[in-house]
Amino acid sequence: MKFSGWRVFREALTGHQGWTANWRNPDPKPAYDIIVVGGGGHGLATAFYLAKEFKQASVAVLEKGWIGGGNVGRNTTIIRSNYLLDGNEPFYEFSMKLWEGLEQDLNYNAMVSQRGILNLFHTDAQRDAYTRRGNAMLLFGADAELLDREQVRAMYPFLNFDHARFPIKGGLLQRRGGTARHDAVAWGYARGADMRGVDIIQNCGVTGFRIENGKVLGVETTRGYIGAKKVGVAVAGNSSRVMAAAGMRLPIESHVLQAFVSEGLKPVIDGVMTFGAGHFYVSQSDKGGLVFGGDIDGYNSYAQRGNLPVIEDVAEGGMALMPMIGRARLLRTWGGIMDMSMDGSPFIDRTGVEGLYFNGGWCYGGFKATPASGFCFAHLLATDRPHDTATAYRLDRFRRGAMIDEKGQGAQPNLH
Ligand SMILES: Cc1cc2nc3c(=O)[nH]c(=O)nc-3n(C[C@H](O)[C@H](O)[C@H](O)COP(=O)(O)OP(=O)(O)OC[C@H]3O[C@@H](n4cnc5c(N)ncnc54)[C@H](O)[C@@H]3O)c2cc1C
C-alpha cells in the first residue's frame with residue numbers, strides 16, 4: 001500500500017477499513033543468503049538498503065523482542081552531523097543527507113524535523129573548541145554557524161543569562177540538525193524492507209552461531225537453527241553478549257542511559273539545545289512534552305531501567321540552564337542499554353570469522369547514525385568492502401593506535 005494524502009482522504013471516507021498491516025509476520029525459512037541479527041533501527045535499515053540498493057533477495061532480520069522495543073524507540077530523537085574528526089564527520093554528514101530524503105525514500109512519515117540544534121558554550125576555551133568544530137563541519141560540507149550571546153538571547157530569551165553559575169557566551173548552531181520520531185523510523189524501515197521481500201521475524205532471539213573451519217554457517221535461535229551465507233550482527237546494547245557467543249571479546253561496555261519527558265506545555269523550545277557546562281540536552285515534542293536527557297548512569301548493566309541519582313543530576317542540569325523547568329512535572333522516564341565503545345566511536349567491520357560481520361559501539365549517539373549505519377553495513381555485507389565514509393570504523397583500531405577519540409577525553413565510557 002502506498003501512503004499519500006489522497007489515501008488518507010479515501011480511508012476517511014470509507015471508515016478506515018482499507019489499511020493493511022505494515023509488514024508480514026513470516027515464519028523463518030531454513031536458510032537465507034544474509035541474516036541480520038537485531039531488529040533495531042540499524043538492523044532494519046541494513047535490511048532495507050540490502051534489498052533496495054544492493055538487490056539482495058534472500059534476507060531476514062531476526063529480532064529477539066519486537067520491532068522498536070530497543071534503543072531505537074527509547075532515544076531522545078536528536079539527529080545532527082556536528083562532529084569534529086575525519087573518521088566521523090563524513091559518515092554523519094552522509095547520514096544527515098539520507099535523513100533529508102528518508103521519508104520520500106520510505107514513503108513513510110518519520111516526522112523528520114530540521115528544527116536546528118544549538119550547542120551552548122560558556123567559556124572562551126569552549127568557544128575556541130566549538131569554532132574549530134564548526135570549521136571542520138564546514139570543510140566536510142555540513143552547515144555550522146557560531147552565535148554570540150545576544151544571538152542566543154534572541155532565540156531563547158528565557159535562558160538564565162544574567163545570574164548563572166555558568167554564563168552563556170554563545171552557541172554553535174547546526175540548522176539542518178533536529179529530531180525525528182524514533183519508532184516511526186523503525187516502522188518505516190521495517191515496512192520498506194518487508195515490501196522488498198525481507199523476512200522480519202520477531203520473537204526470535206539468536207542464542208549462538210554455527211561456525212565450522214572459521215566460517216559461519218548459520219545461527220541458533222529460540223525458533224531453531226537457520227542457515228546463512230552471511231550474518232550481520234547489529235544488537236546495540238547486547239553486542240558483547242551476542243558476539244561472545246561467536247568467541248569474540250569486544251572493546252565495548254554496556255551502560256544505562258535514561259530519557260525524560262515532561263507533561264505537555266505550550267511551545268517554548270522550537271529547536272534542540274544542549275548545555276555546555278553540564279550534560280543536559282532538551283527539545284520539545286509536537287505534543288508539548290519537554291524531551292531531555294543527560295549522562296549515562298555510569299555502571300555496567302543489561303537492564304533497561306535507570307536509577308534515581310542520575311535523575312537528580314539531569315534535573316540539576318536542567319535547572320542550571322533554564323530554571324523555569326523546575327515548575328514542569330515529569331511525566332515519564334525510561335532507560336536503554338548503550339553499547340559504549342572505548343573511544344566513543346562505532347564499528348562497522350568484518351570479524352575474524354568468515355561471513356560474520358559486526359555493527360555496534362554507537363554509544364549514546366546511534367540514532368542519528370541509523371540511515372548511514374544501515375547503508376554502510378549493507379554495503380559491507382553485500383560487497384565485502386567498507387563504504388567510503390565508514391573506512392575508519394575497524395575493530396582493530398585500538399591495536400593499531402588509530403582511535404577516533406571524538407571528544408578527546410580518554411578511553412573511558414564514563415568520560416565520554
Ligand atoms: C535514553 C536514550 C537516549 C538516546 N538519545 C539519542 C539521541 O538523541 N540521538 C542519537 O543519535 N542517539 C541517541 N541514543 C542512542 C541510540 O538510540 C542508539 O545508539 C541506537 O538506537 C542503537 O541502534 P539500534 O537502533 O539498532 O538499537 P536497538 O533498537 O537497541 O536494536 C538492537 C536490537 O537487537 C535486539 N537483540 C538483542 N539481542 C538479540 C539477540 N540475541 N537476538 C536477536 N535480537 C537481539 C534487541 O532486542 C534490539 O531490538 C539514545 C539512547 C538512549 C537509550
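Reply: Begin with the kind of residues in the shell. This is a predicted model, and the shell around its ligand divides into 15 nonpolar, 21 polar and four charged residues.

Me: Which residues come nearest to the ligand?

Reply: A residue is taken as near if its C-beta atom, placed from the backbone, lies within 6 Å. Of the 40 residues around the ligand, the nearest are Gly38, Gly40, Gly70, Gly336 and Gly366. Helix 2 (41-52), strand 12 (252-264) and strand 16 (330-341) are the elements that give two or more residues to this shell.

Me: Which domains does the assignment give for the protein chain?

Reply: A domain may be made of several separate stretches of the chain, as here. Domain 1 takes 26-81 + 83-108 + 182-252 + 344-415, and domain 2 takes 117-177 + 254-341. Their C-alpha centres lie 27 Å apart. To their contact, domain 1 brings 32 residues and domain 2 brings 31 residues.

Me: Which elements of domain 1 give two or more residues to the side that touches domain 2?

Reply: They are strand 3 (78-79), helix 3 (89-100) and helix 8 (239-244). Helix 3 has the largest share, four residues. That side of domain 1 divides into 14 nonpolar, 14 polar and four charged residues.

Me: Why does the ligand lie between the two domains?

Reply: Look at which domains supply the shell. Domain 1 and domain 2 both give residues to it, so the ligand lies between them.

Me: What does UniProt list for residues 33-379?

Reply: The unreviewed entry lists "domain: FAD dependent oxidoreductase" there. In the model, that span is 28% helix and 31% strand, and its end C-alpha atoms lie 15 Å apart.

Terms used:
Residues are numbered from 1 along each chain as its sequence is written. This is a predicted model: local features need pLDDT of at least 70, side-chain atom pairs count only at pLDDT 80 or more; totals for chains, interfaces and linings use all residues. UniProt positions are given in the numbering used here, feature names are shortened, and annotations may be inferred rather than shown by experiment. Ala, Val, Leu, Ile, Met, Phe, Trp, Tyr, Cys and Pro count as nonpolar, Asp, Glu, Lys and Arg as charged, and the others, Gly among them, as polar. Domain bounds come from an automatic or database domain assignment. Two residues are in contact if their C-beta atoms, placed from the backbone, lie within 7 Å.
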